[in-house]
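User: I would like to learn how to read a few features of a protein model. Could you walk me through them with a worked case?

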Amino acid sequence: MFFRRNKKIALALLILVNVSAAIRKYDKSDLDGFKEEARQMFQHAYEGYLIHAYPYDELRPLSCDGIDTWGSYSLTLIDALDTLAVIGNYTEFRRVAELLATKVNFDGNINVSVFETNIRIVGGLLSAHLMSHRAGVDLEPGWPCNGPLLRLTEDVAKRLIAAFDTPTGMPYGTVNLRHGVPEGETPITCTAGVGTFIVEFGALSRLTGDPLYEEVAMKAMNALYHHRSNIGLLGNHIDVLTGRWTAQDAGIGAGVDSYYEYLVKGSALFQKPELLRVFIEARTAIDKYLKRDDWHLWVSMHKGQVTLPVFQSLEAYWPGLLSLVGDINSGMRSLHNYHQVWKQYGFTPEFYNIPQGEAGTNRESYPLRPELIESVMYLYRATKDPYLLDVGVDILRSIQHSSKTSCGYATIKDVRDHRREDRMESFFLAETTKYLYLLFDTDNFIHNNGGQGKIINTPWGECTIETGNYIFNTEAHPIDPGALQCCSGQRDMDIKAHVESQLLASLDPEVFSSLRGERLPKRTTRPAQKAKNSAKQFYIPTAPPATSPTVKQKSTTAEFAPKEQQELKVEDSLVVTSTLKPTNQSGHPDGDVSGVGTVELVRRTKKEILDVDTSTPPAISPPPSDARPSFSGNEQKGNSAYQNDRELLDMTTESSAAAEGGFTLPTFVKHFLSSKQFDPQAMLERLRANKRYDLNSTWSIDYQLLYCPAQPFLQRISVIGEFYETLS
């Protein structure tokens, strides 16, 4: 017995030695060569798209022409933009960024996938906006909390937000970019389509100061957690109106994958320990019911019985995700399984039947997916294991050999014979080529470990960017956490300011104002923009007027209306207008703690109104000096409670004209005024009032003892000895 046991140990050691000897040693010149090959792969596909397919969504690499797929908004150009920055092509990045900022318009009467538009368009534009500083783009005042790409991002997100207006807070799968959720739209959405928003929407909220996006994303994730089965698993598709599961297979692949990914990445990006807690619970159930010999099967979400013993190529993200939570060994074992499938066919098929050891029937294609190389890149950053470089070289060589065409790279229709299909999805440029490049470019700025960064001055104070720790969304668009901190104000000084505001404001608003010293950051909401002018005006905060205003603030709609639409017939009839009458002693609304005051009705003639309105050009009043981004959810959205005089005058003029037999309102205007309009703020308030899906509030408290605020950048690099500076 002893001899046999020693013989087995000796055989295992011999196999280990042979495997180690078979792994190639790579030096810097080898890695540089592979990096250049990956760069040329991207460049060939990118130029093919520009020459043959732009402005269509995607390139057809066999026909060498273009086709619209996901939304008819030059999808590949947006998806590939931040890859240009990653590979160092800043000149082309600046050209495309300007093109998108001035030419792209998302106001189209088209139905789009909420999920795909978010990860590809919202994620791509957000990342490009944050890369603009490194790429040398001329930045507007207030960057990163302001900028044309950020405004474009928010425009898209606003068009998607109507999908979340459901009883559960989980979004529909489709919206019309102009009209919202299409009539008759199915309420059935996949799990990933519900839980893959927190990275993009959370970043957008932190940059703009509008809590709407982050809150709806969190509500959707919380609703999914609430509807988990009694054994802790989630199904594949759910009815967003009722919360009923319509597809009850549980797995980590298609339809579910990025939900688990965003639990981990959302926790890291926004310091939300409750999301990591949810992932840990889910991981426990996954390991118990899905895991078989480092494969992950599909099972019944209620009983845990195996329903589909297959590996899906989309599941190859899992080893990389495990590396982010520190489980390197489990990740490496699963990755080894996936690599064996790749070596069997030269690619990973969409489905691989594990018991039979072959590609699934009618699931033999490989659409240039990035998940395997994504995990390889993450694990190599964590281990520096040269075996992972071998895997990366295998992937690079296979794509170059079988997928390359004269104008791009084609989907593999069947991995068994490498027949090709006439499609190149945008994620090939956004993800696959990017991860390959980053695997071999070990010195890329994305891999910064925090030892260096840049300090920038913003109108709201000093902050540090480009210190590394980038979080990739599920489309490989990197988000810089440091840049989010420039705008979100989630810092110790802001916590102190919040405490002071709660204590002092209740005593005396004037005393509170006098105690706001220089240690408290002076922040405002994003500065207003002038129409038709790329150089936006930045307002310096000024003190509010000492007397109550009698002339209203003009709405944005009125300000940007064509001049001919503002020319109205002047009559002497009276018009009732609203005037703010403060209830506090300080003389302006912002000094009132208990409320915003009352509204007094004033009778004025139309000529008086027009004399005031036309005497000065339209302008937006600067924000009060103490205005700052808030995540309390109680802030007012402008002065929406007060009726605009010009707006009221338009309505009374047209009404009187109609009564006298003159013109009437156009049909579409009547429809607009009579129909119930979608109100994002009202939706947000409804979601806040719905307490069914709130996570356990004590989870955050559980992590307080583990919380350690990061030191300022200058202090950190002083500690590691780069230079020393006396800190007061």
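Analyst: We will go through pockets, cavities, aromatic rings, strands and backbone angles in turn. This is a predicted model, where local features need pLDDT of at least 70 and side-chain atom pairs count only at pLDDT 80 or more, while totals for chains, interfaces and linings use all residues. Residues are numbered from 1 along each chain as its sequence is written, and side-chain values use heavy atoms, with hydrogens and water left out.

User: Which residues lie closest to the centre of the second largest pocket?

Analyst: First the idea: on a 1 Å grid over the protein atoms alone, a pocket is an open set of points with protein on both sides within 12 Å along at least five of seven lines, a cavity is a set where a 1.4 Å probe fits but cannot get out, and lining residues have an atom within 4 Å of a point. Grid points are joined across faces, edges and corners, and a volume is the space filled by probe spheres set on the points. Here, the second largest pocket holds about 670 Å³ of space. It is lined by 35 residues, and the closest to its centre are Phe115, Glu116, Asp257, Leu314 and Arg369. The elements giving two or more residues to this lining include helix H5 (114–135), helix H10 (257–270) and helix H14 (371–383); helices (H or I, at least four residues) and strands (E, at least two) are DSSP runs numbered from the N terminus. H5 gives the most, with five residues.

User: How many nonpolar, polar and charged residues are in that lining?

Analyst: Ala, Val, Leu, Ile, Met, Phe, Trp, Tyr, Cys and Pro count as nonpolar, Asp, Glu, Lys and Arg as charged, and the others, Gly among them, as polar. The pocket lining then has 14 nonpolar, nine polar and 12 charged residues.

User: What about cavities?

Analyst: The whole structure has three cavities of 30 Å³ or more. The second largest cavity has a volume of about 40 Å³, and its lining includes Trp342, Tyr366, Arg369 and Glu371. That lining divides into five nonpolar, two polar and two charged residues.

User: Why is the pair of Tyr259 and Tyr260 called tilted?

Analyst: A pair of aromatic rings is described by the distance of the centres and the angle of the planes. Rings of Phe, Tyr and Trp (its six-membered ring) pair if their centres lie within 6.5 Å; planes under 30 degrees apart are stacked, over 60 edge-to-face and the rest tilted. The search finds 25 aromatic pairs in the whole structure. In the pair of Tyr259 and Tyr260, the centres are 5.3 Å apart and the planes stand at 55°, so the pair is tilted.

User: Are Tyr259 and Tyr260 buried or exposed?

Analyst: Buried means under 20% relative accessible area, exposed over 50%, and partly exposed in between (1.4 Å probe, protein chains only). Tyr259 counts as buried because its relative accessibility is 2%, and Tyr260 is buried with a relative accessible area of 2%.

User: Which arginine lies over the face of Phe445?

Analyst: A charge sits over a ring if NZ of Lys or CZ of Arg is within 6 Å of the ring centre and within 35 degrees of the ring normal. Arg134 lies over the face of Phe445, at 4.0 Å from the ring centre. Likewise, Arg363 lies over the face of Phe351, at 5.4 Å from the ring centre.

User: In which sense do strands S18 and S19 pair?

Analyst: Strands of a sheet pair through backbone hydrogen bonds, either parallel or antiparallel. Two strands count as paired if DSSP finds at least two bridges between them. S18 (residues 454–458) and S19 (residues 461–465) are antiparallel, over five bridges. Ile456 stands opposite Cys463 in S19, and a hairpin of two residues joins S18 to S19.
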